[in-house]
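Let's look at how two protein chains meet. Keep the structure open beside you as you read.

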2 protein chains.
Amino acid sequence: MRAEASATDAVVQDEGSARLIDGAAVARGVRARVAEEVARLKAEHGLTPGLSVVLVGDDPASAVYVRNKEKQSVEAGMRGETIRMPATTTQEELLAVVDRLNADERVHGILVQMPLPKQIEPAAVIRGIRPDKDVDAFHPANVGKLLIGERDGFAPCTPAGVMVLLEEAGVPLKGAEVVVVGRSNIVGKPMAALLMQPGVDATVTVCHSRTRDLAAHTRRADVLIAAIGRGRFVTADMVKPGAVVIDVGMNRIDDPTTKTGTRLVGDVDFDAVRSVASAITPVPGGVGPMTIAMLLANTVRAARQLAGVADAGAR
Amino acid sequence: MRAEASATDAVVQDEGSARLIDGAAVARGVRARVAEEVARLKAEHGLTPGLSVVLVGDDPASAVYVRNKEKQSVEAGMRGETIRMPATTTQEELLAVVDRLNADERVHGILVQMPLPKQIEPAAVIRGIRPDKDVDAFHPANVGKLLIGERDGFAPCTPAGVMVLLEEAGVPLKGAEVVVVGRSNIVGKPMAALLMQPGVDATVTVCHSRTRDLAAHTRRADVLIAAIGRGRFVTADMVKPGAVVIDVGMNRIDDPTTKTGTRLVGDVDFDAVRSVASAITPVPGGVGPMTIAMLLANTVRAARQLAGVADAGAR
């Protein structure tokens, strides 16, 4: 039942149901602006933004993500590189690679794909990345700048992508009641940090598995952001009529009617909630495509900042 | 009408009004535990925790705070030092002093008293402090660890003090609705970060000057934390009967009936709210005394961490 969106339309409205916020279209727009900025940096400054992704082990889902990251960075005109390391890699070996990338002037963005094999402590690796090349934005120094509101750090790609989606869809945030369901370090917490900043001015509530009467909170939300990692958890009765619903979930469920026998669903019961909400992101094609687009945008900014080149106004 | 609390009682109840959460008493307890831990570190490890405070200029309120910090650190058996610099100090001169303290092995905690003269950028100074000596906990790396939930950073002293007050007063936080009014980097934001962590498990809403229908939020709160910097802003009609009210405000207002012609009031209309709340912190004598106590506790922990000494279980 999903309507086709043109590349320039962030939202599509069907009769009697929520507008669709088309993340694929918005992500294409972000990638186009990134490509323009890359072309400018090459032409005017001889600077080619470079993103290096490190993949440890053979997790098939990670391999797909990493391939997409490299592909999209190259398509945007950037230097994209994937460093593949065996599942038996030690923490020291991985940190040595990170150190080499930290020192490499051609590398402006470093991303170590998660999850990592058990013998490697993720926090140690994240702290090993130079904060000014940490385009995934999980280093404590970048998380701290995000909460403080300092602008020279990076925002994690998924919540940053949600902010762009909300803006492109024209969702007013000033004074809006925003309820974030989920408090992960990757989405929920940085999402709340972004929304509560002066200038954005949302009133943010962070709910989680221990929240009493979760539905009472979600029903207050002008903007409801679901990031709990439980398939179709948010049902229609949990949504205020007219609310904007952003679905960050990516859950694979069994579905014998499909070729693969599985299907991707969000944290929101899309078909039911769509009849209550005023706007909603689909899964797939909502928040998902934004993540890599924001990674590319962060990498271009890292390149500019590391090279001391001013922003030409491109996002 | 405030009842006298004994040193061991965190709360005092009058007939027909809220229990008083006695911050002065709780702070004495924290300081006593700090002193015990300092004695142990000296005796067992030859380690004397050291706190160095840098005061730039002649702001009289700052001079009082700094004197209290030195006095209380020395009373706890620590090495307390205050470095006074003229109001004309340049940023470079201040950073040079910070660098010297960063390198000084006798110094475990460094605090640069705010506000700073106009020619000095506070963010640059805060970033100049080694994160593992940043006992004020405003460095982005410590703020980030706080939000991520990593335990080896520090929490800012005022919100950390509120957490201890709530614990000592036996206020249940798991699943509780907590509303924080104010989103400053010093109190509101780190307060929210502490409360939303797994293990604490409060459901946190952060309100601010742009929040629509603020009273609707504050009336939902099981625990209401006022940190907006507006004298007696929270009135009785904004408080749910039986709520716990924590007043972080310190506002000096005119009062011709006092010797000085001024009086200190909190962000809460104490006399009125006291008849609605189940427990409340007074101003002065509530959150205020906790701040320096937590600074000392942070400094002892910094000394332990820098010296590689295990925690004996003292807080």
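Eight salt bridges link chain A and chain B; the term covers a side-chain nitrogen of Lys or Arg within 4 Å of a carboxyl oxygen of Asp or Glu. In one of them, Arg127(A) meets Glu150(B) through their side chains, at 2.2 Å from N to O.

This is a predicted model, where local features need pLDDT of at least 70 and side-chain atom pairs count only at pLDDT 80 or more, while totals for chains, interfaces and linings use all residues. Side-chain values use heavy atoms, without hydrogens and water, residues are numbered from 1 along each chain as its sequence is written, and chains are lettered from A and ligands numbered from 1 in the order in which they are written.

## The area between the chains

Chain A and chain B each bring 38 residues to the contact, which means heavy atoms within 4.5 Å. Together the chains bury about 3,200 Å², with 52% of it on carbon and sulfur atoms; buried area is the accessible area (1.4 Å probe) that two parts lose on being put together, summed over both. Leu147(A), Lys189(A) and Met196(A) supply 18% of what chain A buries against chain B, more than any other three residues.

## Strand meets strand

E7(A) pairs with strand E7 (residues 203–207) of chain B in the antiparallel sense, over three bridges. Strands (E, at least two residues) are DSSP runs, numbered from the N terminus, and two of them pair if DSSP finds at least two bridges between them. Look for Thr205(A), which stands opposite Thr205(B) in E7(B).

Terms used: Helix = DSSP H or I, 4+ residues; strand = E, 2+ residues; numbered from the N terminus.
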